[in-house]
Amino acid sequence: MLRFSLRRQISNSTGIYRRYIHSGLEDAGPMASKLKSRSVVRFSGPDTVKFLQGLLTNDVRRFGESAGEKSSTVPTPNMPSVSTPPMYAALLTPQGRFMYDFFLYSPTRPDEKLDRTGSGPGSDPGGDGSVELFADVDVSVLDELLETLKKYRLRSKVDIENVGEEFSCWQRYGRNLSGSSSVGWGGGVDRAGESTASGNKYGWQWYEDPRLECLGYRSIFPSDATPPLVEADKETDESNYLLWRLEHGVAEGSSEIPKGEAIPLEYNFVGLNAISFDKGCYVGQELIARTHHRGVIRKRLVPLRFVDSNGKEANQKIAAGAEVVESGSGKKVGTVSTALGSRGMGVMRVEEAFRASGELSVSSGSEEVKVEAIRPTWWPAEWFQQNQSGVASA
């Protein structure tokens, strides 16, 4: 296993990507990446929660409760006195296909820190019940996303604003994220660590990634300020974050989750805490509920490793859209959705992908490359039990 020291990270941040593109980041220490692939949108107004509640796959009413609204029947967890934790959600087509993903954030509550104007970011200065929420979204579809949201807005009292120049999205990830165990909304509260984690002029702080613990910490910060704890971890290329997600089988954004085509349940949105089945109606809800209650998802997004005939990791350029087939029969098992070096992920038929006796391959030009499907450790056991009687774990 490869390891690298903090000093090595600081002296050669771009080298981290070059080294680990070949063998993955399984043992890489803490890293932080500014996600240039994401932009930030602000929602504000008295109908903010209601507007998003009718559009997104997750239950947004939690943010209304944090601002003092009492209409929600969703129980509020017993959490320390910090901002409401972020939420992952998606906007779908009426037919239940993926369109855009959202990470929603509530600003720090007014009893914690003040904003630039001297009033609390989560306060209601106009006395009209206004709620303010932020979302980090895929920058490549930002204009289209804003137009879509404004079409849905109709007469709702909600303002939608692109604040991508004012705020930036960051991710902290890797092994041994020391000093972060109490940051955000997990476990107990270490006040010294909490102060370090949220020590910037607007009161923004790191939060546990709302999808999976293994993905680390995520947040948005003012673009003109250095996020807390980044100095200790050293900023690295965003490609390292992509590689980290590839190893865990987690797609993000419209370039990795085909817009208008992807079925959210096949991209594991339930396991990523992106869908509520108790919230009621939202755009595309009927198909999602019907598919979920059938109980069996035959195809899922899985991590892939590309190897040569000797079992060594192969760095041939595998194109997105390449077909993965059973080597003997040539039967299609799935399709590569994203690839970087010797790692990738693809939507695969679960039974065939993890069949112990099977061998998978993908064409790379005139050469055939072997494919290993990897069983993510975070997958629930029932995902395998539903599809097959014997599964080879990786």
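I looked up Asp101 and Gly253: a polar atom of the Asp101 side chain lies 3.0 Å from the backbone nitrogen of Gly253. I take a polar contact as a pair of N or O atoms within 3.5 Å; within protein, one must be able to donate a hydrogen and the other to accept it, and residues adjacent in sequence count only if both atoms are side-chain atoms.

This is a predicted model, in which local features need pLDDT of at least 70 and side-chain atom pairs count only at pLDDT 80 or more, while totals for chains, interfaces and linings use all residues. Residues are numbered from 1 along each chain as its sequence is written, and side-chain values use heavy atoms, with hydrogens and water left out.

I then checked what else Asp101 meets. Its side chain makes a polar contact with the side chain of Tyr88, at 3.0 Å. Leaving out residues up to four places away in sequence, Asp101 touches Arg38, Tyr88, Ala89, Ala90, Asp136, Val137, Glu252 and Gly253 (contact: heavy atoms within 4.5 Å).

I placed Asp101 in strand β4, residues 98-105 (strands are DSSP runs of E, at least two residues, and helices are runs of H or I, at least four, numbered from the N terminus). The protein chain has 11 helices and 15 strands.

Is Asp101 buried or exposed? Asp101 is buried, at 1% relative accessibility (buried is under 20% relative accessible area, exposed over 50%, partly exposed in between, with a 1.4 Å probe and protein chains only). Of the 394 residues in the chain, 53% count as buried.
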